[in-house]
Amino acid sequence: MPKLYLKEYARALAGREVFIACREGILRDHFQDIITDIKFLVRHGARTALLHNMPNRFANQKLVVQLERRLPATGIVRISPEIDFYEAVLDHRESMFKVIFLERRYLIDRQANKINAITTARVRESMEDFGDLIANVNFKGAMACICRKIEAGQCDRVHILAAGKNSIKHELFTVEGAGTLIANNFQEDFRQVRTDEEVALVHRILEMYKRSGFLKPRTKSYLNKNRQRFYVTAIDGIVVGCVEQKIIDARTVEMGALAISTRFRNQRVGVHTVKSFMALMKSQGYTRFISLTNNPRLEALYTQLGFIQESRPEYRQRQEQSPDVKMFCKIDDPVG
């Protein structure tokens, strides 16, 4: 069960309007789950609107009445089933903070991997890669509408989720997310860990990597005791990546515990984190950087950033502490 960070994520939603868009069949199949998630958003300060395209016939009147009765604080908007649902949703308001499309599934790539977060530029570049793997055959056209809306500055975030129990809750209140997020205005910030809440988020991210076998365990007590050594990348104020500063000698610093939330993999957050960390350390006089990892993703990242896989003799003692782990080095001093 993903851990919810209600206080941290609710701040970004408080008083903002969230539009939940759901076609008829999906609304019928997940009626109770959708109502439960929307009520959860309302309780945490969001203003909500539910847009659906159920035909206006007698058989649907009971469901419509239930929606209005059970979601009194939510605007219920019916879109004619004769028109394009996605265009109508995106044209409902000129300016929209967050739009959530509840679908049969989130976006996936050609290898059937979930696309966690993506910019409109990447959407346009990769349209052919998504193609027929999107469950809803109309979504390729919908992606063009979404890109136009975001690029016009008329929508901050669009989420595509697989409808189901807690899908909205897990998308908006967890580190991992539950579906696909499309946005262009991610605000990145690199800084030292500040609060107990940030320590908890770092611990959550590191736990994901520990379970994969790529990181040694770091307890919450260890993180609290050494928080001055931990730095984080935050997007829109929420921690999504971390790195630990481990001083080796007067010129050398090791990057430990480098980890990025699965939500933001492949979005260059790792590049931003490593470059920001190195720039900060250089300002403090360090010119040599090492890291030990067997994580293929980090190996590729380090290679991309000019690191060399080598066990230098001056770091033999450090290598002996992790004899089966590859060492990557980047030497920026004149005598390197």
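Me: Before we start, what does contact mean here?
Reply: Contact means heavy atoms within 4.5 Å. Bear in mind, too, that this is a predicted model.

Me: Thanks! Which residues does phenylalanine 264 touch, leaving aside those up to four places away in sequence?
Reply: Its partners are Ala117, Leu181, Phe186, Ile235, Val240 and Val269.

Me: Now for helix pairs. How do α11 and α12 pack?
Reply: Start with the angle: values under 35 degrees count as roughly parallel and 65 to 115 as roughly perpendicular. Helix α11 (residues 269-283) and helix α12 (residues 296-304) pack at about 60°, their axes 11 Å apart, and the two are therefore oblique to each other. Their crossing is right-handed. Gly270, Val271 and Val274 of α11 make the contact with Leu301, Tyr302 and Gln304 of α12. By type, the contact residues are 4 nonpolar, 2 polar and no charged.

Me: And which residues of helix α1 are buried?
Reply: An α-helix has 3.6 residues a turn, so residues three or four places apart point the same way. In α1, residues 6-13, the buried ones are Glu8, Tyr9, Ala10 and Leu13. After α1 comes glycine 15, with a positive phi near 75°.

Technical notes
Residues are numbered from 1 along each chain as its sequence is written. This is a predicted model: local features need pLDDT of at least 70, side-chain atom pairs count only at pLDDT 80 or more; totals for chains, interfaces and linings use all residues. Side-chain values use heavy atoms; hydrogens and water are left out. Axes are lines fitted to C-alpha atoms, for helices over the stretch in contact, and angles run from 0 to 180 degrees between N-to-C directions. Helices (H or I, at least four residues) and strands (E, at least two) are DSSP runs, numbered from the N terminus. Angles under 35 degrees count as roughly parallel, over 145 as roughly antiparallel, 65 to 115 as roughly perpendicular and the rest as oblique. A crossing is left-handed if the near helix is turned anticlockwise from the far one by less than a right angle, and right-handed if clockwise. Ala, Val, Leu, Ile, Met, Phe, Trp, Tyr, Cys and Pro count as nonpolar, Asp, Glu, Lys and Arg as charged, and the others, Gly among them, as polar. Buried means under 20% relative accessible area, exposed over 50%, partly exposed in between (1.4 Å probe, protein chains only).
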